[in-house]
Amino acid sequence: MSAEGFSAWGRLGWPPAAEILRLPSRSAPLPATAGTLLPYGNGRSYGDVCLNPGGALLAMRGLDRFIAFDADTGVLVCEAGALLADILDVCVPRGWFLPVTPGTRHVTVGGAIANDVHGKNHHAAGSFGAHLRAFELLRSDGSRRRCAPDENPAWFAATVGGLGLTGVVTWAELQLRRIAGNAVAVRNTRFTGLDAFFALNAEAERQHEYAVAWIDCLAKTPRGVLIAGDHAATDLPAPRGERNLPLTPPFSLINETSLRAFNAVYYGKPWPARETVHHRPYFYPLDAVGRWNRLYGPRGFYQYQSAVPPAAAAAATAEMLAAIAESGQGSFLAVLKNFGERPSPGLLSFPMAGTTLALDFPNRGAATLSLFERLDAIVLAAGGRLYPAKDARMPAATFRAGYPRLAEFSSFVDPKLSSGFWRRVMEQN
Amino acid sequence: MQKILIVGATSAIAEAAARRWAARGAALFLVGRRAAALDAMAADLRVRGAANVGTRVMDATDLGAHAAALQEAVAALGGLDVALIAHGTLPDQKACEASVELTLREIDSNGLSVIALATRLANLLEAQGHGTLAVIGSVAGDRGRQSNYVYGAAKGMVARFLEGLRNRLAKQGVRVLTIKPGFVDTPMTAALPKGALWAQPADVARGIVAAVDRNKDVVYLPGFWRAIMLVVRHIPESVFKRLSL
């Protein structure tokens with residue numbers, strides 16, 4: 001099987017895997033390989049956390065069967081290669097929704113566990129792992145463990161957010177969330193200045209299950225729109241299907257001029273104070289354009305996502321936005337959100353109480369990397385961390401500083417498993 | 001509610017088609033060689049919305065087992081609206097050239113066993129006066145080529161047999177659908193290098209379900225293969241025999 005197509009979302013041109021392997025069924029043993037192995041889901045991680053350059057990838061998408069679903073209790077069991085989109089297709093019409101969903105539904109359940117993903121309801125619901133009832137972990141020594149919060153709890157904590165390094169998750173059992181319709185009631189509020197964001201957001205978090213802000217990161221005074229929402233007892237027709245971006249333009253279509261124009265138009269467009277929309281445009285606006293990552297041209301792009309604790313959140317966020325505005329680099333979908341207090345279950349889970357900021361940057365080589373160094377310094381001084389699922393460049397020291405339970409985690413890493421990210425941050429290259 | 005029998009149910013294309021039928025609330029009966037795979041697939045289809053799912057383990061080349069399996073399927077489903085024959089193997093052409101036994105075994109699994117099943121199913125559908133017999137053939141059956149003519153011969157035999165069945169059963173209200181997929185990225189073709197012409201099983205399955213709905217006779221999937229094979233079929237043999245295809 002060819003390694004073509006087994007890439008990461010940022011398209012930064014990593015060397016390919018030497019070998020692509022498959023699991024014929026969830027009860028099959030891990031295939032033999034000379035070097036290291038990494039389970040690969042749907043390739044929606046931005047950087048090398050889902051890649052194993054020179055080693056083998058274990059393609060998990062083939063393991064996408066449902067195992068059981070109880071429409072009375074909302075407990076769903078499925079194989080790890082199933083997409084969140086598959087779950088929504090089956091469960092939404094029966095009145096159930098994902099307890100936590102990231103900004104794309106094209107991720108596998110295994111990937112959602114390995115990165116302990118979060119969503120717009122983190123302040124209310126915590127991370128994906130907080131709703132995992134159990135999963136099976138298959139290790140290269142052939143052992144299989146059922147892991148749950150109260151069964152093999154150490155393995156559970158290491159594997160949730162464990163970047164696919166503790167073993168291969170073959171199936172998982174999730175607790176879904178009841179809904180009375182497929183729509184979301186949305187409240188949009190424009191704001192200018194970070195103080196206004198923090199005040200509005202605090203109020204929105206008390207009143208709404210979902211809250212997230214889009215910000216114009218190039219404006220002198222940060223401005224944006226706070227988008228809050230709740231599931232509504234309404235059924236709306238699904239919007240039309242996805243259209244793929246058909247080709248990669250020869251250069252990035254995202255540059256300072258196009259960004260300023262986009263941000264001005266996006267901020268200025270009519271934002272109804274209240275609207276009710278199908279859940280898909282609310283949770284997955286970017287999924288409407290398949291392969292939108294091609295917008296950034298052949299050199300690809302970075303995403304920078306940080307989290308900083310509450311005490312330092314306002315100052316550090318302001319400082320980061322100022323540094324980005326000054327650099328003239330930045331993204332058309334910059335996202336600001338507060339994480340709640342509910343602890344993430346994983347030793348390496350990214351979400352921590354505080355504020356998270358996520359931005360895309362076209363790859364402009366040294367200019368982009370030196371901006372990231374400035375941002376790293378701000379995040380570390382604030383006691384924060386970066387998100388491995390989005391990362392393609394964080395230095396080892398930044399990773400160590402952000403993840404104090406790293407040493408504890410390392411003892412659970414399967415000796416046959418590794419990734420480009422892991423070798424980079426552990427300086428094993 | 002459609003009542004659907006699938007032979008070779010755990011093949012990638014058949015499973016993808018079964019998922020589409022399950023989502024519409026069909027009743028399904030799955031026949032395949034591996035019990036564990038059938039059970040896992042049945043559980044999946046139930047979650048996806050299938051009204052009920054039955055299974056039976058059978059090797060399609062075991063011709064003596066066919067009658068009882070079909071009887072069990074009709075009993076479990078409470079009738080039969082659609083039968084999809086999807087089993088098959090991809091022969092190693094070079095190995096076949098060196099072995100008469102292997103060649104005949106491949107002709108059996110891709111050709112004779114299909115004809116045996118189609119014969120029984122045709123009689124069953126004819127007796128009840130309605131229903132669709134759908135069979136997965138291949139574009140390889142449209143012309144013999146040096147790279148896979150054993151497979152092509154078996155698939156070509158099936159296509160010709162189905163032409164005759166279609167002609168016989170058209171007046172009885174029974175539909176016969178010949179499905180000719182091109183290159184499909186499945187476990188059966190895992191060892192082959194992939195290019196731009198390759199399709200995903202889910203795309204081919206969408207075409208199969210639509211072709212059954214629309215009472216088609218012959219479909220190429222994806223559709224562009226109809227044009228490709230039109231050209232391939234019309235190259236004069238004097239030229240064709242010199243090509244490396």
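Predicted model: local features only at pLDDT ≥ 70, side-chain atom pairs only at ≥ 80, totals over all residues.

**Stop 1**

Show chain B as a cartoon and look for the open sheet of seven strands. Walk across the sheet and you pass the strands of chain B in the order 3-2-1-4-5-6-7, with parallel pairing. Where are the edge strands? They are strand 3 (52-57) and strand 7 (218-221) of chain B, and each of them pairs on one side only. On average, neighbouring strands of this sheet are turned by 15° against each other, direction ignored.

Now select residues 3-7 and 82-85 of chain B. These are strand 1 and strand 4 of chain B, paired in the parallel sense over four bridges. For a landmark, click Leu5(B): opposite it, in strand 4 of chain B, stands Ala83(B).

**Stop 2: helix 1 against helix 7**

Stay in chain B and select residues 12-23 and 201-213, which are helix 1 and helix 7 of chain B. How do their axes cross? They come within 8 Å and cross at roughly 55°, which makes helix 1 of chain B oblique to helix 7 of chain B. The crossing is right-handed.

From helix 1 of chain B, pick out Ala12(B), Ile13(B), Ala16(B), Ala17(B), Arg20(B) and Trp21(B). Facing them from helix 7 of chain B are Pro201(B), Ala202(B), Val204(B), Ala205(B), Arg206(B), Ile208(B) and Val209(B). Colour by class, and this contact between helix 1 and helix 7 of chain B comes out as 11 nonpolar, no polar and two charged residues.

**Stop 3: helix 3 against helix 5**

Another helix pair to select in chain B is residues 66-77, helix 3, with residues 100-128, helix 5. Their axes come within 10 Å and cross at roughly 45°, so helix 3 and helix 5 of chain B are oblique to each other. This crossing, too, is right-handed.

Which residues make the contact? Helix 3 of chain B brings His66(B), Ala67(B) and Leu70(B), while helix 5 of chain B brings Ala116(B), Leu117(B), Arg120(B), Leu121(B) and Leu124(B). Sorted by class, the contact of helix 3 with helix 5 of chain B has six nonpolar, one polar and one charged residues.

**Stop 4: where chain A touches chain B**

Bring chain A into view. Here 10 residues of chain A are in contact with 11 residues of chain B. On the chain A side, select strand 4 (residues 66-70) of chain A, which gives the largest share, four residues. That side of chain A divides into six nonpolar, three polar and one charged.

**Stop 5: the two domains of chain A**

To finish, colour residues 66-179 of chain A as domain 1 and residues 183-394 of chain A as domain 2. The C-alpha centres of these two domains of chain A lie 24 Å apart. Their contact takes 27 residues from domain 1 of chain A and 25 residues from domain 2 of chain A.

On the domain 1 side, highlight helix 3 (122-125) and helix 4 (153-159) of chain A, the elements that give two or more residues. The domain 1 residues touching domain 2 of chain A divide into 10 nonpolar, 14 polar and three charged.

Conventions
Residues numbered from 1 in each chain as written. Chains lettered and ligands numbered in written order. Pairing = 2+ DSSP bridges. Axes fitted to C-alpha atoms, helices over the stretch in contact; angles between N-to-C directions. Parallel < 35°, antiparallel > 145°, perpendicular 65-115°, else oblique. Left-handed = near helix turned anticlockwise from the far one by under 90°. Contact = placed C-beta atoms within 7 Å. Nonpolar A, V, L, I, M, F, W, Y, C, P; charged D, E, K, R; others polar. Domains from an automatic or database assignment.
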